[in-house]
Amino acid sequence: ERYNAYWASRGLGVPPLPFGVSDPVQTFAAPELIESANQEARQRELDDALRLGSQTGGTDPEGLAKLLEQGADVNAGDDNAWAALHQASRAGRTDVIALLVRAGASLDARTASGHTAQRLAAEVHGREHKVTRLLAALGGAERDAVLDDMARQRRLDEALLDAAKLTSGALHSLEQLLRDGA
């Protein structure tokens with residue numbers, strides 16, 4: 001079908017294929033080369049989806065975690081050497097930055113123009129922005145403690161929101177969560 005469509009789209013007659021051949025490209029390429037090309041294409045799709053999802057608000061960290069589980073390379077760069085961490089830093093997504101760093105994202109990776117994620121954050125958001133400060137803290141020895149604190153704070157924030165929804169304004173649960181550090 002693709003073969004016929006190719007020639008028809010150019011307004012040319014379709015050259016006959018040898019008997020039993022339906023796709024000349026697939027027919028004459030070695031099966032190992034075809035499988036290798038398919039695997040490379042799947043990897044590129046996963047890596048591209050991770051980078052794109054890291055910069056947009058439409059993909060939650062759980063969706064990005066699934067891409068990582070499927071084999072997306074956390075440090076894969078695009079044509080300009082932008083990795084997912086660079087994209088998340090520019091977008092100001094601290095939740096995604098934490099996920100990527102836990103998955104092994106390199107804090108030292110540089111774009112083609114020489115920018116680290118921290119430098120991008122400082123240029124886009126300013127030196128005192130939470131993303132810039134987070135990346136600076138992650139670069140130090142206290143990286144695991146910073147990530148654990150972020151996870152704890154996120155759980156408390158989620159519990160606070162859930163309590164507000166469930167109690168329909170009852171202050172008791174909210175006051176207890178606030179006492180617990182939310």
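**Packing of two helix pairs**

Helix H6 is followed by Gly104, a residue with a positive phi near 105°. The model in which this is seen is a predicted one. H6 itself, which spans residues 94-102, is mostly covered, with seven of its nine residues buried. The buried residues are Thr94, Val96, Ile97, Ala98, Leu99, Leu100 and Val101.

One partner of H6 is helix H4, formed by residues 61-69. Two packed helices are described by the angle between their axes and the distance between the axes. For H4 and H6 the angle is about 25°, and the axes lie 10 Å apart. Because angles under 35 degrees count as roughly parallel, H4 is roughly parallel to H6. The crossing of these two helices is right-handed.

The residues that form this contact can be named on both sides. H4 contributes Pro61, Leu64, Ala65 and Leu68, which meet Asp95, Val96 and Leu99 of H6. By class, six of the contact residues are nonpolar, none is polar and one is charged. Val96 and Leu99, which take part in the contact with H4, are also among the buried residues of H6.

The second pair consists of helix H5, residues 84-91, and helix H7, residues 117-125. Their axes come within 8 Å and cross at roughly 20°. With the limit for roughly parallel set at angles under 35 degrees, H5 is therefore roughly parallel to H7. The crossing of H5 and H7 is right-handed.

On the H5 side of this contact are Leu85, His86, Ser89, Arg90 and Ala91, and on the H7 side are Ala117, Leu120, Ala121, Val124 and His125. These residues divide into six nonpolar, three polar and one charged.

Which residues of H7 are buried? They are Ala117, Leu120, Ala121 and Ala122. Of these, Ala117, Leu120 and Ala121 also belong to the contact with H5. The buried residues of H7 pack against H5 and against a further helix, H8, which comprises residues 130-138. Just after H7, Gly126 adopts a positive phi of about 105°.

Taken pair by pair, H4 is roughly parallel to H6, and H5 is roughly parallel to H7. A glycine with positive phi comes after H6, at Gly104, and another comes just after H7, at Gly126.

Conventions: Residues are numbered from 1 along each chain as its sequence is written. This is a predicted model: local features need pLDDT of at least 70, side-chain atom pairs count only at pLDDT 80 or more; totals for chains, interfaces and linings use all residues. Side-chain values use heavy atoms; hydrogens and water are left out. Axes are lines fitted to C-alpha atoms, for helices over the stretch in contact, and angles run from 0 to 180 degrees between N-to-C directions. Helices (H or I, at least four residues) and strands (E, at least two) are DSSP runs, numbered from the N terminus. Angles under 35 degrees count as roughly parallel, over 145 as roughly antiparallel, 65 to 115 as roughly perpendicular and the rest as oblique. A crossing is left-handed if the near helix is turned anticlockwise from the far one by less than a right angle, and right-handed if clockwise. Contact means heavy atoms within 4.5 Å. Ala, Val, Leu, Ile, Met, Phe, Trp, Tyr, Cys and Pro count as nonpolar, Asp, Glu, Lys and Arg as charged, and the others, Gly among them, as polar. Buried means under 20% relative accessible area, exposed over 50%, partly exposed in between (1.4 Å probe, protein chains only).
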